[in-house]
Structures are given as structure tokens and as C-alpha cells.
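Notebook open. I want to look up the ring contacts and the charge pairs in this one.

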Amino acid sequence: MDFQKKMGCLRRIAAAPRYTCSYSPGPFPFLSCNTVKRPNSAIPTEFLKTGSFSDSFITDKILREVEIESIDLSRISSPSIFVNVLFKCSKNLLLAQKFIDVFAKQSNFKHSSESLSAVVHILVRSRRTSDAQAFLLRMVRKSGVSRAEIINTLLSTYQNCNSIPLVFDLLIRTYVQARKLREASEAFRILKSKGFVPSINASNSLLSGLVKAGWVHMAWEIYAELAGSSVQINIYTLNIMVNALCKQRQMEKLKLFLSEMEEKGIFPDTVTYNTLIEAHCREGFIEEAFSLMNSMSDKGLKPQVQTYNSMMNGLCRNGNYMKAVECLGNMLEIGLDPNTSTYNILLNGCCKTGNIDEAVKIYKEMLGCHLVPDLVTFSYVIGLFTRKGKIDQALLYFKDMKAMGLVPDNVIYTMLICGFCQSGLLSEALKVRNDMVEQGCVLDIITYNAILNGMCKVKRLSDANNLFEEMVERGIAPDYCTFTTLINGYCKAGNVGSALNLFHMMMEKNLKPDVVTYNTLIDGFCKQGDMKKANELWNDMTHRAVFPNHITYSIFINQLCSKGFVHDALRLWDEMVGKGIHPTVVTYNSIIKGYCWSGSVDKAEIFLNKMTIDGILPDRVTYNTFIHGLVKEERMSEAFAWVDKMDMDGVLADIMTYNILLYGFCEQGSMHEADMTYKKMVRRGIVPDRTTYTSLINGYVVQDKLKEAFRLHDEMLQKDISTQVPIWIFSSSFNIYLVPSDIGMLWNTFSVEFKSSCKKAKIIQDHGGDDFIYAQSNDTL
């Protein structure tokens, strides 16, 4: 066709009647298309320049190529041609889809908002929802494009694509699924302002997303707009908004809301009651929760497994485990089969109370019901055994879990690592760490902190420092727990300088130390005797609005009492009480120790009595400290009486209690009383230790009862009690008997003067296979 003929065609097309879309009332007011004739007019010059008429010919040609499945993609040089092709084949969905799918291979084509929206319309009509959503995501992620522009573009292409309202539902769902809840809410309002409200399903999706994200206030705003529209809300809307009220803890508004919904003909279902029961249990309203469950039958509803699970979970959370077990029995009575979640709730309940026997019983019962444990099940059981220090049992369940085909996650691996570290088995913990890495698990901050804690516990601070550097190199930022763990490790090792450096590093990283961090450092400096630095830290923490607690005060009070400054300690005590901080048994013990060490046992007794009046029960440390004070003042009869009082108060005497008494009796030469005390402790199942035997042997040697001393020494050896540290025994007849494991080493510890003063010194090797030194002094020692 020559140029003149082409121009003739163009003029005829331009002179033909034109049709445009305008908004008018109808089922979808903004979509109704009225045919409005456009007056004949000459073709605008700028339109000719753009080549739009030539695009029309290209469009027709491409359409024919699509039909014969032979498309020259290079012809589609602009989004407008792409859109025109889709408009023309919109009534033939198969043809339109074919064009979209073939053109999808043109990866370097730059879509416009119009071309993307046209694709979305066609794909939605073709029920290819996921593909349509992918193109919608491209639209919403397109930089510089507002929600209003996206909606206007979808509206402008709606009629030519013969689209359906589902497009706008999908837009709302896409925003929600992309967690763009603010944008979804804005899109909802724009659509409503244009006379269109998304369907109840799309609206519920938005409401649910807002409530789950905690944006409850915005959810109520959307609900108000929805309730004021022509869209009919349903039971799903009710349940979403009931959950919103429960999240807001507005229990008093629930009844009013449910009444309003019933007036609209929407009644609660089982899901509603499950939500209500769970919320009441969470608030501690157990009786109300039971009333709700019992009232379900009045509404023609039956409690389901989830209902009972909610009830049991609430009971366990409120510490009423046995009532939860009763609920399980009720479930079984009415023919409901518990599921894995049911038993996991019970396991969690008994694990919180530390009841190992009950946990094992529930686990076995679960297997007996042919239910398969999941990772949650094993995390509860393994966690319980590791916390109780029963790491071998935890490993058995770990093996069972892997035998069932379950793959351990970070939580379970970390539990095992914590268990080994708690038991001082760092090498085993590191093996678990290696296994964890081999299984593809990535160590997180919690795992690193657990290993660091284990290393600090066994004083492998160099390894802890290397691990700290490793985690930083891997891009894992140390947290408050990391620094506090390391600071505690260095303080316990006496390296307060390194601990202080870590404290400063912590501050540089904008990690705010809390009272635990300060207490750790203050305790470290107090133990080093650096009270000046401890006081500086006290001032620093108060300056930063980190206020001392009972532990902080107890640390200072204990340090002052240890140095004999009881008066200053009591001044600090008064300050603590004045601030409303209640002293603990540890604080009382420090004051009692201070009095006893300064020789004021009577004042210690007064304070001990005050302690019981104040409602603080003395513990074993309290009694041992006070008894030791009595022994120091040689008030043995009173000391012995306090041991009896200790037993009457339900605090069992331990090896330290009896060693204190034995030391006192032996020092006074009251070996009959010492022997009676020794026999009493053995009868009570308390195993004598090296200190016990040292006191008794010394006591007998002082009275020249060497036969008894040797008998006890033999007994000590038979019980395999270590004798690596030398025992020094002084005889009243100026003979010295020493029972070491290395005679040469011990003899070399004596001074030259002492050795020369000995008239004779010989090693005797004929008694029990052990070595002894017998040395008799020339003069009175």
C-alpha cells in the first residue's frame, strides 16, 4: 500500500465515531461504561507524531501472529502496543494468556503500570491468581508509585479488559501478605471513596493482618468503615474482632460487642468460645473460663479438642497442673481424642514445675495414644532434663528424636549445650556445637552465650575471648548477656581489669548495663579489696539511673562485715530499708557473720532472732555462721544446743556444721564429746571429709592418744580420702607427727633453725605403708 492510500485509511479511521468510558451509577458505579460519541475532528498533530496510528497496525499484525502462534516479539517496542494487544484479545482469554505467556520470555521489556494492570486483569479472569499476584507485587513495589495511582491504573484498564471485582480483592490480599498493612488500609479507603468496598473475604484478610500485627486501633477503624457499608459482615469478622478485644484486654466490652453482633444475626461459634476461653485463662479468670465452656451446650455448641487445649493451657499457665490433668480425663470421657498439642501443653506444665517423673509419665502416655511427638515435645523434655543436670537422660531423648526422623533445631542443640556447660562438661558441649554446624544449623547469639558461659565457668577465659572474637567476625553482635557473662567470668577469676575493659566496650556499643552487670563488677572489686573502685561504680550506676537492689547492698554490707566494720554495714542496712528494699537471708547472714567475727556473738543472736521476727527463715549458712561464732568463744554447750535447734527448725546440719563442732571440741580437748559428735554425723549419713579427720587426729595427738590417731588415719586411707595436702599435728609432749604423701617435700618446708633444733629425725615406713616424720625438739617448742 502506497503512502496516499495509507493516509486515506487513517483519515477514515479518524472520522469514525469514538467511544470513551465515564463513571455512572450501576452495580459498580466507577466501572459502568457509557458510550459517548466523540465529534468528528481532525487528527491532532501530536498524535500523528507519536506514531499511535502506526501502533494500531502493529497491534493488528501482532494479534494475527498470536493466533497463528508465530509472534515477532521485537515488534512490541512500547507498553502501549502491549496494552492494545491485550485489549483487543480480552474476550478470548486463551489467546490473551498465550500472548502473556509468550511475552514473559521478553525479559528486557520495561512494563508500565498500565501494561502490568492489564496483565493482572486478564490473569485474574483466567483464575491464575498466583500469577496475577506476582504482577501485582511488581506494581506495589514499583518505586514512586502511590496507592492511588495503582488503583486508578487498575480502574482505567478494568473495562477494556472485561475484568471482575476479584482484582481489587487480590490487591488488598497482596498488600496484607506482603506485610504492607498501612498501604492495604490506604488502598481499602481509596477504593471505598470511589464507591467500591472490597469483598468481606478481602476485608477480613486485612482485619486479621492488622490484629495479628498488634495494630488493633487501625483494625477498629477499618471495621467501622466496613460495618457502615453495604458489605455483609460474617462470623469470621466477629472472630477477628473478638480476638482484637482480647488482645486489648477489654473483657468488659466483649459482652456488648457479642450482643451487637447477635442483633445482626451473627452468633458465636466454637472458634469464638475458644478465643474467649483462652483470653479469660490468660487473664487468670479460670472460673469464668469454665463457665464459658459449660455454657457452650446452651448455644448448641460442643467443646472441641482446641477448646479443652485452651482451657488446659490456661490452667497450666496459672500453676494449676492437676486441674489440667482432670480436663484431659473429661476429654476422654466425652469421646474426644487428645492431639499432640494436648500433651505438649501438659508437658510444658509439669516441666515448669520441674516434675521429671510426671513429664516422663505424660510422654509415655502420649506414645501410648499412638501420637507422634514433635520438636516442641522434645524441646520440653530435653530442656527439663538439662536444667535438672540429668544430661544423660536428655541425650536418650535426643537420640529418640533423631530416630523418629525429626531434625534437631537451634533450640534443642542449645539446650544440650547449656546442659553440658552447666555440668562443667565443656568438651562435650563443643562436640554438640560441631554437630550442630555439620547439620547446617547456624549458631545464633543464644548459642554463643551458652558456650561463653560454659567456658567462663571452667575458667577457660582465653578460649572465651577467642569465641567472642569469632562471633563478632561472623557478624553476630554481642548483646547485654554476652558482655555480662564475660564480665562475670573475669571477675570470678580475679581479673577485674579485663572485666572493666569489657564494661567500657559494652558502653561504646550503646548496650546499657543493668543492675546485674554493675553488681558483678562491684562484687569483683570488693573481693579484690578495692572499695574505692566499687564506690565509683556505685556512683556511676546511680548517675545512669540504674538503682541498687538488695544484691548491691548485700555485696557492700558483706564486704564491710568481713572487714569488721559492722557499724558501717548497719548504716547501709538502714539506708536500704529506708528505700523500701527488703533485706534477704543473705543480707542477714552478712550482719550475723560480722558480729561473730568481731566477737559479739550475743549481738549476733539478737539479730538472728530479729531475722525470724521479720519473717526471714534462717538457712544452713545462718546457723553454721552463728555456731562457728559460739565455738570461737568456746561456748561449746550452747553451740551443740543450737545444732539441735537447727534440726528442730527443719534445717538439716551438714558436714560443715559437724566439722565446726568437732574443731571446737578437739581444740578444748573434749575428745569424748568429739567422738559422740563424729558418730552422730555418721549415723545421719554424712560422710566425713578430710577436715573431719584432721580435727580428730590432731585432737587425739594433742592428748598423746596416738593409737586412736593412727586408727583414724588408716580409716581415712581406706575411704580413699585425699592426703595430698600435709596434715600438721602438734603434740603436747613436744613431739611433732606429720602425715604427708611426700615426706621429702614436707621436710624441705621446715626452716633450717627448726631442723637443727631437732635431736633426731627419722622416717618411719612400717605403718600402713605410708610415710611419717617423727621429730623431737631439743627445747620446749
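My entries on aromatic pairs, charges over rings and salt bridges follow.

**Ground rules.** I'm working with a predicted model, where local features need pLDDT of at least 70, side-chain atom pairs count only at pLDDT 80 or more, and totals for chains, interfaces and linings use all residues. Residues are numbered from 1 along each chain as its sequence is written, and side-chain values use heavy atoms, with hydrogens and water left out.

**Rings.** I looked up the aromatic pairs and got 21. To pair, rings of Phe, Tyr and Trp (its six-membered ring) need centres within 6.5 Å; planes under 30 degrees apart are stacked, over 60 edge-to-face, the rest tilted.

I started with Tyr158 and Phe168: their centres are 5.7 Å apart and their planes at 20 degrees, so I noted the pair as stacked. Tyr158 sits in helix H8 (residues 147–158) and Phe168 in helix H9 (residues 166–177), ten residues apart. Helices here are DSSP runs (H or I, at least four residues), numbered from the N terminus. Buried or exposed? Tyr158 is buried at 5% relative accessibility, and Phe168 is buried at 0%. My cut-offs: buried is under 20% relative accessible area, exposed over 50%, partly exposed in between (1.4 Å probe, protein chains only).

Next I took Trp220 and Phe257, an edge-to-face pair with 5.7 Å centre to centre and 90 degrees between the planes. Trp220 is in helix H12 (residues 216–227) and Phe257 in helix H14 (residues 251–263), so this pair ties together parts 37 residues apart in sequence. Trp220 is partly exposed at 23%, while Phe257 is buried at 5%.

I also found a cluster: ring pairs link Tyr363, Phe378, Phe385 and Tyr397.

**Charges over rings.** The test is NZ of Lys or CZ of Arg within 6 Å of the ring centre and within 35 degrees of the ring normal. Lys323 has its charged end over the ring of Phe290, 5.5 Å from the centre. Lys593 lies over the face of Trp597, at 5.1 Å from the ring centre.

**Salt bridges.** I get 27 of them, each a side-chain nitrogen of Lys or Arg within 4 Å of a carboxyl oxygen of Asp or Glu.

Arg189 lies in helix H10 (residues 181–193), so the pair ties together parts 32 residues apart in sequence. Glu221 is partly exposed at 34%, and Arg189 is partly exposed at 29%.

Glu428 and Lys431 meet at 3.3 Å, N to O. Both lie in helix H24 (residues 426–438), three residues apart, about one turn of the helix.

Last entry: a network of salt bridges links Asp602, Glu633, Arg635 and Glu638.

Key: Helices (H or I, at least four residues) and strands (E, at least two) are DSSP runs, numbered from the N terminus.
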